[in-house]
Structure formats: structure tokens, C-alpha cells
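Here is a short briefing to read alongside the model.

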Amino acid sequence: MSEEPATRPKESPRAGPREEWKGGRLLSVLLAAKVSLLACTLISGGAFNNVAVHDTDVFALLTTMMLLAALWILFYLLRTARFPGAVPYGDAHAGPIWLRGGLVLFGICTLVMDVFKTGYYSSFFECQSAIKILHPLTQAVFVIVQTYFLWVSAKDCIHIHLDLTRCGLMFTLTTNLAVWMAAVVDESVHQAHFHSSSHGNASHSRLAPDPEREGSQVAGDCSCDTAVCQIFQKGYFYLYPFNIEYSLFASTMLYVMWKNVGRLLASSTHGHGQGHGHAPSRVSLFQETFFAGPVLGLMLLVVGLVVFIIYEVQVSGEGGHTQQALLIYYGFNIVCLGLMTLVSLSGSVIYRFDRRAMDHHKNPTRTLDVALLMGAALGQYAISYYSIVAVVIGMPRGLLGGLNLAHALLTIAQHTFQNVFIIESLHRGPPGAKPHETSPKEPCLTFANLDALHPLPTCPPTPRPVGPSPAGPQEAKAIILATRGHWRRRCLKDISLFLLLCNVILWIMPAFGARPHFSNKVEVGFYGYSLWAAIVNICLPFGIFYRMHAVSSLLEVYVLS
């Protein structure tokens, strides 16, 4: 496709004959749906012992998908390198530096996980299928290729091979979702196996392999008895959260790229310009803050890590300290969620006095961020409402029941008010942007008498006092408004950093194994273990993703404040 002229003043809703045909976009969506259903069927089938789908079948599917996706990425990079005009525009909002930096960080941790997984399966290679070793090696290559691809091409608005590009991006996105689904199911199966067998007395025994799930190829001589094998096994399970977040980060960036295929932007976006709205400026951490938000957030982060360690030690011990561990866990979470709710409310109140213009330009990245925040919060909403029903109807007596109810109510309130604050922040213009005001209409008179239309005598000008220019009061007013605006921006930066650090610790706890949902017997006794385990295993991964996505969004809010 030929490059559009650089004089287009605005984003065009029409992009030529090929862009008007929506068949390519529909075809890519159908491809993603079919592949997703196939992957979901195999992965979910392999999670149950009474289904004749082994983990080797799942590994074979994921390995094939990652190889095909990596080959398409190489094809994309080669084609765009050979045709300089293939990417005439760049979306400045897509792939911000903190999102790409997080992708690189999680990608490195995923590579370490692949090393541990390769070492684990190599420990008893004689009785294992070769696909179990080939899978982590293929995933390592896929992660390296995809991370480079998203680092250099996340802002692309490509204008060649539109249909093929859409299908390739959707297939790569589906591959990441399949990897995410496999990791979540594997972790959930280990959690369920642990809690159903040992009733929560040893939190790390979930890492023990389930012989029935390993298939017929695992014999008695393939047990993981050596110290090195156990280190590899525990290591790659503890690195699963980073692999999960990497897949989700990559999926969001690929979706934005899919939305930008064939997109036409203004002339200022030619190449890789800024585009509509505003782009984040260069900032340094803790600049222009009161330091109250970062300090309080760091304190809660450190205290949360201590609480998490105490919880894991007491729950995994045999001294019967589960009740005390739950009291400490719920107590910390109630304090943290209560502070986050109040801080989010104060941020929304500050915006009531903020006169910055609203940014209503088309922005696929912002639209996706809002949709993910609202959608991922539904997982934690569901768990909280199920807990509220169990506590209120079951009427458990004691302090633990009251803490559980307060925790569920505060979780709902915190998610709601934090979403309101983040969404409103993302739709604000840059600092100093004034709202667009319509010019006042000229006053006019309507006369019933035609004689009144004769010209009236000109009034003499109003005498003005001789004195200093009125620019002085105007400048003083501007200085006062600027001071107030600066104060509001500093408060918003403190609020953003505080919420960011709190979301980090609230991500660490469930991502690395804290499961008070099973240690607390209220919901298990009310719903039964099977139903409650299904609710938690389906909804909790969305709640974990919500925390990390909120961290990314709050970092953007901090930069743009």
C-alpha cells in the first residue's frame, strides 16, 4: 500500500478500498477463536485425571503454536525491514517504555523458569517424553524473539499485507493466552491436589508431582529424589507468576498492534510521532511529590512481605497456627484496602477541582486498559460476593468471620474506587491543558419598531484611570492558579505511587501461593470443596492479573500527572 500524504490534518475514518473491507479483521478473529477453543479443550482436559489427555499432548500443541508464531514474527520483521514505507505511522500511546520494560523483566524471569524446567525434566530423561524437554527450550526461543519484536514494533501502524498481519498478530496473541492458560491450570491443579490431600498443612507440598497426571511414561524410578531435581522443581513453580504476567503483557501489546493495522494518523505522527492527545514526558521517580505516598507505600510493602512470610510459615507448619496466620493476613489486608479506598476517593475529589481538558481522542491503548481494568476486577468481585453470602447466611461466630466479611466488603469498594480514579486519570489531558470553552455569543437586541433601527449616536469612551497596567493582577491570578495546580499534581503523584506500591504487595501474596480461601473453612464448609475450588481457581487468576495491570496503569497515571 502506498504511503498516505503527510498533510492529512486528522485521523481519517476511511483508509481506502482495502481498509473498508472488514473481512480480514473478521477472519483473524475467527482464527483466534478456533485456535483458542482447541487449546482450551486440550489444556482443560489434561487437568483431570479421568480424561485421557496427557500433559505431553498439551506440550506438543503449545510447542507447535510457539514455533509457528516465532516464524511469523521473523517474517514480519523481515518484510518491514525490506520495505521502509511499510510502517508510515507510529502510535505514540502504544507500548510505553514502562510496559516494554516490564515485558523484558518478566521475559528474563520466564527464561530462568525455562532453565529450571529443562533441568527438572532432564533429571529423569530416560522415562520422560522428549517433548517435555523440547517445550521449555522452544518457549525460551519464542520469548526472546517475541520480546525483541514487541520492543521494536509495538508502535507500528503497518500498511502492507493487512490481512496476513492481522491473522499473524491474532495467532500470536492466542499463543500467549494458551501459554497463560496452561500455566494457570498447572498451578491450580497443584494447589487443589495439595489442599484436598493435606488440608492445608504444608503449603509447599503442592509442588510434589501428581503421578496420575504424569501419564503412563512416568514409572516408579522417575521420582524426583535428588536435591538438584527438587531445587529445579520448586524453582520453576515459584517462577510461574512471572511467566503468567509475561504472557498477559504480550497479549495486551499484540492486541493494540492488531487494532493499529492499517490505521491512518495525523501528519505529526509520521514515522513514530506523538499523535493525538499527549505523550508522557521524561520524568524521574519521586520527582515533584510530597514523599508521603512513596514512604507510606514502601512501609506497607515491607510489612506486607513480613506478613506473607509469617502466613506461609505458620500455615505450612504443624503446630496448628492457621487461625493466627489468618488473623494476621486479614488484618493487614483490611488496613491496606481501607487506606487504598480512602486515597482513591481523595484522588477523585482532587479531580473535581482540576481544570485540565479531557482527552477524547481515539486511543486503542487507553480503551484496552479501561476494558481490562473493568473485566479483570470481575474475578475478585465474584470471590468477594461469594464470601459475603457464605459469611452472612452461614453466620460464623468469632473474630475470623467478621474479618472475612470486612475484607470482602473492602475489596469490592477498593476495586471500584481505584478503577474510577485510574479511568478518570487516563482521560485527563496533559498538565496545563485548559478545557475548550466556546466563545460567548454577541449580545443582540430584537426591535419591534422599525424606527429604532436608525443608527444611534456614538457613546463617548469610558475614561480610564491613569495608573499601572492591569497586567499585574492578571499575572498574580495566574501565579495563584499555577501554584494550586502544582499542589494538585504533587498530590496526584503521591496517590499514584502509594496505590502502585500497595497493588504490588497485593499481587505478590496470591501470586506466590497465599490461599486464605482454602485455609479459612467458612466458604469451604458452606459451598463444599469442589464448588469453592472451581470458583477460586477460575476467578483468582483474573484478580491477580488485575493487580499487575493496575500497577502498569498507575505508573502511566504518575507519569502523566
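Cys 40 has a relative accessibility of 33%, so it counts as partly exposed. Cys 539, by contrast, is buried, with a relative accessible area of 14%. Please keep in mind that this is a predicted model.

**Cysteines**
- Searching the whole structure turns up zero disulfides.
- Cys 539 falls in the buried class because its 14% lies under the 20% cut-off.
- Cys 40, at 33%, sits between that cut-off and the 50% above which a residue is called exposed.

**Nonpolar cores**
- The largest nonpolar core has 122 residues, and the members that touch the most others are Phe 149 and Phe 421.
- Helix H16, spanning residues 529–560, supplies the largest share of this core with 16 residues.
- Which residues does Phe 149 contact, leaving aside neighbours within four places in sequence? They are Trp 72, Ile 73, Tyr 76, Leu 77, Ala 154, Leu 169, Leu 254 and Met 257.

**Nonpolar surface patch**
- On the surface, a nonpolar patch is formed by Ile 97, Tyr 148, Trp 151 and Val 152, which together have about 400 Å² of accessible area.
- Helix H5, residues 131–153, gives the patch its largest share, three residues.
- Tyr 148, one of the patch residues, has its place in helix H5.

Definitions and conventions
Residues are numbered from 1 along each chain as its sequence is written. This is a predicted model: local features need pLDDT of at least 70, side-chain atom pairs count only at pLDDT 80 or more; totals for chains, interfaces and linings use all residues. Side-chain values use heavy atoms; hydrogens and water are left out. A nonpolar core is a set of buried Ala, Val, Leu, Ile, Met, Phe, Trp, Tyr and Cys residues joined through side-chain atoms within 4.5 Å. Buried means under 20% relative accessible area, exposed over 50%, partly exposed in between (1.4 Å probe, protein chains only). Helices (H or I, at least four residues) and strands (E, at least two) are DSSP runs, numbered from the N terminus. Contact means heavy atoms within 4.5 Å. A disulfide is a pair of cysteine sulfur atoms within 2.5 Å. Patches are made of residues with over 30% relative accessible area and no salt bridge: like charges are joined within 9 Å, nonpolar side chains (Val, Leu, Ile, Met, Phe, Trp, Tyr) within 5 Å. Accessible areas come from the Shrake-Rupley method with a 1.4 Å probe; for residues, only the protein chains shown count as cover. A salt bridge is a side-chain nitrogen of Lys or Arg within 4 Å of a carboxyl oxygen of Asp or Glu.
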